[in-house]
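Subject: Structure handover

Hello,

Here is the structure you were going to look at. My notes on it follow below.

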Amino acid sequence: MAGAAIFGCRGPRLTPDERRFFAEAQPWGFILFARNIETPDQVRRLTAGLRAAVGRDAPVLIDQEGGRVQRMGPPHWREWLPPLDQMRAASDPERAMRLRYRLIADELRGIGIDSNCAPCCDIARHDTHPVLRNRCYGTDAAGVARIARVVADGLLAGGVLPVMKHIPGHGRALVDSHLSLPRVSEPAETLRETDFAPFRALADLPMAMSAHVVFEALDAARPATTSKRVIGTIRGEIGFGGLLMTDDISMQALDGALGARAAAALAAGCDLVLHCSGDMDAMQAVAAAAGALSGAPLARAEAALAARRDPDPIDIAAAEAEFSGLLNGKVHG
């Protein structure tokens, strides 16, 4: 039975120790980073090796947003403007974003990756931390929801499962959650009308990633990832019924030992623990704390995998030409 975790690996090739560990721990899926990416053939071998290690068609995820968060790039893959910059440059932002993520999906499927950690449903504000701001799609809830939907549609059309993030909203964070814990002090009603709204509009998507952010109006003591009350809001008010994974459990927004963090996230209502570094000792601690998927989390995991589908036909050259035209040639960042 699959474990309640998603793991990374250290480099572009699996080591014997990694193969043995993955075979025993049976993570639900895997995630790749730039350190794992060299050439298309190499990535195809790596994704095949990861699946062979667990003996099943496990999902392989990546963060391929474009701009700052772009694990794959030239010379083998396209380079993309930051999403917010593309929104401003395109003559038809909705069409351009759908084409962008349909083309990204084609690149991912070609090397054995079948899930992308996008769309970003966070709302950009003037004071949103720079680590996030130009990864967003806009500055108002309705606009962000509209673009996030076409991003998800583009990925799904290309046979890639979207993971919306960072639920229930990261746009008000003034610090980088990789380094410290953001706190949001706005009233609950303001959050419902703004930050939570894009996630509510996309609550039918199969997967989502939590925010390591404290929402003081809901739970002043714990970030969303480890807060039963916030995850209750995600399931209830926002209405998300899909598979909920944590953001990287090793980020410094969280405190305590990794095993304790993983256990707290699952106890609060997350379904899966995401651990990205590929550090073996850390993965062992997370795997021991996470255990196996069962009950409602297992059902949600199975439903997410059932949403995988073959790509729709596409004329790549025509899509590229249309995309370039929408950006007046400003394809590259």
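In which loop does His212 lie? His212 sits in the loop between β9 (207-210) and β10 (214-215); helices (H or I, at least four residues) and strands (E, at least two) are DSSP runs, numbered from the N terminus.

Before the rest, the ground rules. This is a predicted model, in which local features need pLDDT of at least 70 and side-chain atom pairs count only at pLDDT 80 or more, while totals for chains, interfaces and linings use all residues. Residues are numbered from 1 along each chain as its sequence is written, and side-chain values use heavy atoms, with hydrogens and water left out.

His212 is buried, at a relative accessible area of 0% (buried means under 20% relative accessible area, exposed over 50%, partly exposed in between, with a 1.4 Å probe and protein chains only). Leaving out residues up to four places away in sequence, the contacts of His212 include Ser177, Leu181, Pro223, Asp247, Asp248 and Met251; contact means heavy atoms within 4.5 Å. Pro198 is 14 residues from His212 in sequence, and their C-alpha atoms are 18 Å apart in space.

Overall

The protein has 13 helices and twelve strands. Its radius of gyration is 19 Å, close to the 20 Å that the globule rule gives for 333 residues, so the protein is as compact as a globular protein of that length. That radius is taken over C-alpha atoms, and the rule is 2.2 Å times the number of residues to the power 0.38. Along the principal axes, the C-alpha atoms fill a box of roughly 50 × 50 × 30 Å. Of the 333 residues, 56% count as buried. Among contacts between residues at least 6 apart in sequence, 76% join residues at least 24 apart.

Core

In soluble globular proteins, nonpolar side chains tend to be buried together. The largest nonpolar core here holds 105 residues, and Phe22, Trp28, Leu32, Ile113, Tyr137, Met164 and Ile167 touch the most other members. Such a core is a set of buried Ala, Val, Leu, Ile, Met, Phe, Trp, Tyr and Cys residues joined through side-chain atoms within 4.5 Å. Leu32 touches Ile113 as well as others including Ile37, Val43, Leu46, Val60 and Arg71, again not counting residues up to four places away in sequence.

Helices

Gln86 lies in helix α3 (residues 83-89) and is buried, with a relative accessible area of 1%. Beyond four places in sequence, Gln86 touches Leu81, Ala96, Met97, Arg100, Phe323 and Leu327.

In helix α10 (residues 258-268), the buried residues are Gly259, Arg261, Ala262, Ala265 and Ala268. They pack against α9 (228-235), β12 (273-275) and α11 (280-290). Just after α10, Gly269 takes a positive phi of about 125°.

Backbone points to check by eye

- Pro74 and Pro75 are joined by a cis peptide bond, with omega about 10°; Pro75 is in the loop between β5 (69-70) and α3.
- The peptide bond from Lys165 to His166 is also cis, with omega near -5°, and His166 is in strand β7 (residues 161-167).
- Gln26 has a phi near 50°, positive in a residue other than glycine. Gln26 lies in the loop between α1 (16-25) and β2 (27-32) and counts as buried at 15% relative accessibility.

Regards
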